Amino acid sequence: QVQLQESGPGLMKPSQTLSLLCTVSGGSILTTGYSWSWIRQPPGKGLQWIGYITWSGNAVYAPSLKSRTSIARETSKNQLTLHVSSVTPEDTAVYYCARRDTAARYDYWGQGTQVTVST
């Protein structure tokens, strides 16, 4: 059973850089064919895909966030990271990490972590 657990700062101020961690257990982030995504849900809105990193280390980003976003991995710890620079209140959301399988289905999700950007 694969489990994902997000962790992050909770409350931030505008212009800061958001850093989130996703710790994966029960499966390796290096397993061939899988990718690991970051997805967020702003209050009252639908899910917004942020980007993903593949088992081989290639990262792909949503065009609207590409200039401010970086996804990386720490293979020795089986962890993923998300960095979003210059945050604004519009970045307030629940942030999830999820595994996407070889059929492009999101088969495992973390419970999500709330990030609030406020002065």
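**Entry 1: glycine 46**

I started with glycine 46, which sits in the loop between strand 4 and strand 5. I take strands as DSSP runs (E, at least two residues), numbered from the N terminus. What I have here is a predicted model, where local features need pLDDT of at least 70, side-chain atom pairs count only at pLDDT 80 or more, and totals for chains, interfaces and linings use all residues. Residues are numbered from 1 along each chain as its sequence is written, and side-chain values use heavy atoms, with hydrogens and water left out.

I then looked up what glycine 46 touches, and leaving out residues up to four places away in sequence, I noted Arg40 and Gln41. Contact means heavy atoms within 4.5 Å.

Leucine 47 is in the loop between strand 4 (35-41) and strand 5 (48-54). Its relative accessibility is 52%, so I put it down as exposed.

**Entry 2: salt bridges**

How many salt bridges does a search of the whole structure find? I noted four, a salt bridge being a side-chain nitrogen of Lys or Arg within 4 Å of a carboxyl oxygen of Asp or Glu.

Aspartate 91 pairs with arginine 40, the closest N and O atoms being 2.8 Å apart. Aspartate 91 is in the loop between strand 8 and strand 9 and arginine 40 is in strand 4, so this pair ties together parts 51 residues apart in sequence. I checked burial too: aspartate 91 is buried at 1%, and arginine 40 is buried at 6%.

Arginine 68 also bridges to aspartate 91, at 2.9 Å between the closest N and O atoms. That pair links distant parts of the chain, 23 residues apart, with arginine 68 in the loop between strand 6 (59-61) and strand 7 (69-74). Arginine 68 is partly exposed at 22%. I wrote down Arg40, Arg68 and Asp91 as a network of salt bridges.

Arginine 105 meets aspartate 101 in another salt bridge (3.1 Å, N to O). Here arginine 105 is exposed at 53%, while aspartate 101 is buried at 9%.

**Entry 3: the disulfide**

I found one disulfide in the whole structure, meaning a pair of cysteine sulfur atoms within 2.5 Å. Cysteine 22 is joined to cysteine 97, S to S 2.1 Å. Cysteine 22 lies in strand 3 (residues 18-25) and cysteine 97 in strand 9 (residues 93-100), so the link ties together parts 75 residues apart in sequence.

**Entry 4: the core**

Last, I looked up the largest nonpolar core, which has 25 residues. Among those with the most contacts inside it are Trp36, Trp38 and Tyr95. Strand 3 gives the largest share, four residues. A nonpolar core is a set of buried Ala, Val, Leu, Ile, Met, Phe, Trp, Tyr and Cys residues joined through side-chain atoms within 4.5 Å.

Conventions: Buried means under 20% relative accessible area, exposed over 50%, partly exposed in between (1.4 Å probe, protein chains only).
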